[in-house]
Amino acid sequence: MAVILLDMDDVLAEFEKNFLERWLSRHPDLPYIPREQRNLFKLERQYPADHRDAVRAIIREPGFFLSLDPIPGGLEAVRQMIGLGHDVFFCTAPITDCPTCPMEKFQWIDRHLGADFVRRVVLTSDKTLVRGDFLVDDNPQITGIMAPVWEQVVFDFPYNRSVQGKKRLVGWDDWHTVLRL
Ligand SMILES: [Mg+2]
């Protein structure tokens with residue numbers, strides 16, 4: 001049995017897609033970066049300097065994190081993992097200058113998986129401190145003060161396609177095959 005750590009944004013929750021929907025609705029006159037052109041992990045750095053405050057404001061709107069749609073197949077994969085006897089935890093780095101973000105991450109898990117799963121949320125700004133067998137994460141460069149004990153499984157996104165030599169999930173359909181569990 002494995003301990004599987006799952007990132008939330010752009011692994012279980014549609015951060016990028018729902019951001020872009022809000023961006024287009026709030027700022028139809030401003031340029032936007034389509035998903036396929038996203039080659040930097042940090043969203044706001046991908047935008048011109050004079051639009052970054054507007055990007056940051058959307059992500060920090062109360063309700064943003066709770067409203068994120070589930071990524072197709074992700075919740076089902078969580079239930080399958082549990083059903084196979086694995087231990088699943090949600091290992092996510094909250095935005096630390098957004099008071100609603102941490103609580104909404106708990107609420108999102110409650111809404112989509114139920115109250116029993118909320119205790120499985122691990123909020124941390126340093127994922128290297130957390131123990132587990134796998135960490136499924138879209139971040140191409142996870143750093144921290146410890147040597148990670150988990151193996152990262154990269155959840156595919158245009159900005160992490162240069163990462164070589166790691167397991168890669170392109171959507172949730174074939175997670176059994178990729179994790180070999
Ligand atoms: Mg993420």
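Predicted model: local features only at pLDDT ≥ 70, side-chain atom pairs only at ≥ 80, totals over all residues.
Residues are numbered from 1 along each chain as its sequence is written, and side-chain values use heavy atoms, with hydrogens and water left out.

View 1. Rolling a probe the size of a water molecule over the atoms shows where empty space is left. On a 1 Å grid over the protein atoms alone, a pocket is an open set of points with protein on both sides within 12 Å along at least five of seven lines, a cavity is a set of points where a 1.4 Å probe fits but cannot get out, and lining residues have an atom within 4 Å of a point. Grid points are joined across faces, edges and corners, and a volume is the space filled by probe spheres set on the points. Among the 33 residues that line the largest pocket, Phe 41, Lys 42, Ala 93, Ile 95 and Asn 139 are the closest to its centre. Helices α1 (15-26) and α2 (52-59) each supply at least two residues of this lining, where helices (H or I, at least four residues) and strands (E, at least two) are DSSP runs numbered from the N terminus. By class, the lining has eleven nonpolar, six polar and 16 charged residues; Ala, Val, Leu, Ile, Met, Phe, Trp, Tyr, Cys and Pro count as nonpolar, Asp, Glu, Lys and Arg as charged, and the others, Gly among them, as polar.

**View 2. The largest cavity.** The structure holds one cavity of 30 Å³ or more, and about 40 Å³ of space lies in the largest cavity. Its lining consists of Met 8, Asp 9, Ala 13, Phe 65, Leu 68, Glu 104, Lys 105 and Trp 108, of which α5 supplies the largest share, three residues. Five of the lining residues are nonpolar, none is polar and three are charged.

**View 3. Helix α5 and its buried side.** The 14 residues of α5 (residues 100-113) should span 20 Å at 1.5 Å a residue, and the end C-alpha atoms are 20 Å apart, which agrees; the expected span is 1.5 Å times one less than the number of residues. Buried in this helix are Cys 101, Glu 104, Lys 105, Trp 108, Ile 109 and Leu 113. They cover an arc of only 145° around the axis, which puts them on the same side of α5, the arc being that of the directions from the helix axis to the C-beta atoms. Buried means under 20% relative accessible area, exposed over 50%, and partly exposed in between (1.4 Å probe, protein chains only). The cover over these buried residues includes α3 (64-67), α4 (74-83), β2 (87-92) and β3 (121-123). Just after α5, Gly 114 takes a positive phi of about 105°.

View 4. Asp 10, in the loop between β1 (3-6) and α1, has a positive phi near 60° although it is a residue other than glycine, and it is buried, with a relative accessible area of 3%. Arg 180, in the segment after α6 (175-179), is not a glycine but has a positive phi of about 55°, and it is exposed, with a relative accessible area of 66%.

**View 5. Asp 133.** Asp 133 sits in the loop between β3 and β4 (134-137) and is partly exposed, with a relative accessible area of 37%. Not counting residues up to four places away in sequence, Asp 133 touches Met 1, Ala 2, Val 3, Trp 150 and Glu 151, contact meaning heavy atoms within 4.5 Å.
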